[in-house]
Each structure stands twice: as C-alpha cells, then as structure tokens.
Amino acid sequence: QCGMIPRTIRQIFEVQKKLKEKNWEYKLQASFLEIYNEEIRDLLTTDNTLKYDIKMSDSKGTDIHVTNLKVEEVTSEGQISSMIRRARKNRAQAKTLCNERSSRSHSVFMLRIEGFNTATTETCCGTLNLVDLAGSERVKDSGSEGMRLTEAQAINKSLSNLGNVIMALAQKNSHVPYRNSKLTHLLQNCLGGNSKTLMFVNISP
C-alpha cells in the first residue's frame, strides 16, 4: 500500500512518458526536510553541523530555497522509495500517551520539476510540496513533559499560524503573516499567488 509520495511520483512519470511524444523533456529534483521545534533539518543527511535557512532565490522574491539542503535528481520510482526509507529513519518521533509513534515534526517532500520542449524551446518550472503535518496536541491528554512538551508547543504554534495565514489569504488582507513560522515561510509560494493547495485529513477509526 503506497503512500502519497510514491503515488504522486508514479503519476508524474506516467505523464512525463506521454509528453515525450510532444517533445517535452523533464528534469526532476527532490529534497526532504522536517521542521522540528522551528528548526529545519535535512532528512537525507546525517550531518548535524550544517545550518539551514530559508532564502529568496531572486530579487523578486518569487522563488524560495533552503540553504545547504541536499537535492537529488530523480529518474526512477526506486530512488523515491530509498529516499523515503532514509527520511523515515531520521525523522523525529517519540511515544506519548496518545500515540505509540508520534511525529514530533512537520515533514516536507519537495519536488522541483523543470520542463523543456525541444521543438518549440518552451520552458516551464514548478515545485510540488507534499507536507505531512504533525497533529495538534492536547498536552493534558498526551502527558507531554520536558522535551515532549516543548515539541508539542512548537507544533501547536506552527499549526495555529498556518490557520492564521489561510484566514488572512481568504479575507484578502494586505498583510499575510508568512514569516511567523518556518512552516508558512517555507510554503509561502504554495499558499499564495497562483498556487494550488490541497489538504487531506486522515481520521482513524
């Protein structure tokens, strides 16, 4: 039973194959990170000495990237499976009273797609972000203390700010508080502008 990332990659490769008939060639680059206690961590490397910052790639501020983040070119579904296994080993998890394996971070799988048409010389570029949000936590129920409590507070705060950003966008406010959390700052281009955002809610019986 595949998750969202493998299913998505499979569909992208299927469409990519069909578009070859129309002279389109694509380059796919992937990275995988988590936001833990308002800090970015690269899930594809074990080097703890690197510092990760969210930066604008151009003067217009339309393209965002994370410094020092490992980026891998993707040419097969097997590579994605390997990346997911590596990321799963590195992602922050812990046991709480509510969950045997509680995610203590938000994870973001980032896929940059660049297209080039060899016949018309047209180009296109886009980024797909697949985000696994850690669930909001009632500390009274989870029994979180110490580090678990700090994690819960960071998770709840970032989710609250995500709600604030969505509300500000819906109300067409002049100011949208993207920079109030690492999550919304990183996903700024996915939430506003001409982007499309889709949210799934998984309810376990």
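Student: How much space lies in the second largest pocket?

Tutor: About 340 Å³. A pocket is an open set of points on a 1 Å grid over the protein atoms alone, where a 1.4 Å probe fits, with protein on both sides within 12 Å along at least five of seven lines. The volume is the space filled by probe spheres set on the points. This is a predicted model, where local features need pLDDT of at least 70 and side-chain atom pairs pLDDT 80 or more, while totals for chains, interfaces and linings use all residues. Residues are numbered from 1 along each chain, and side-chain values use heavy atoms, without hydrogens and water.

Student: What makes a residue part of the lining?

Tutor: An atom within 4 Å of a point. For this pocket, 17 residues qualify, and Ile40, Arg41, Asn48, Leu50 and Tyr52 lie nearest its centre.

Student: Why is the pair of Trp24 and Tyr26 called stacked?

Tutor: Ring centres must lie within 6.5 Å, and planes under 30 degrees apart count as stacked. Trp24 and Tyr26 are 5.9 Å centre to centre, with 20° between the planes.

Student: What makes the pair of Phe32 and Phe109 edge-to-face?

Tutor: Planes over 60 degrees apart count as edge-to-face. Phe32 and Phe109 have 75° between the planes, at 5.4 Å centre to centre.

Definitions and conventions:
Phe/Tyr/Trp six-rings, centres within 6.5 Å; stacked < 30°, edge-to-face > 60°.
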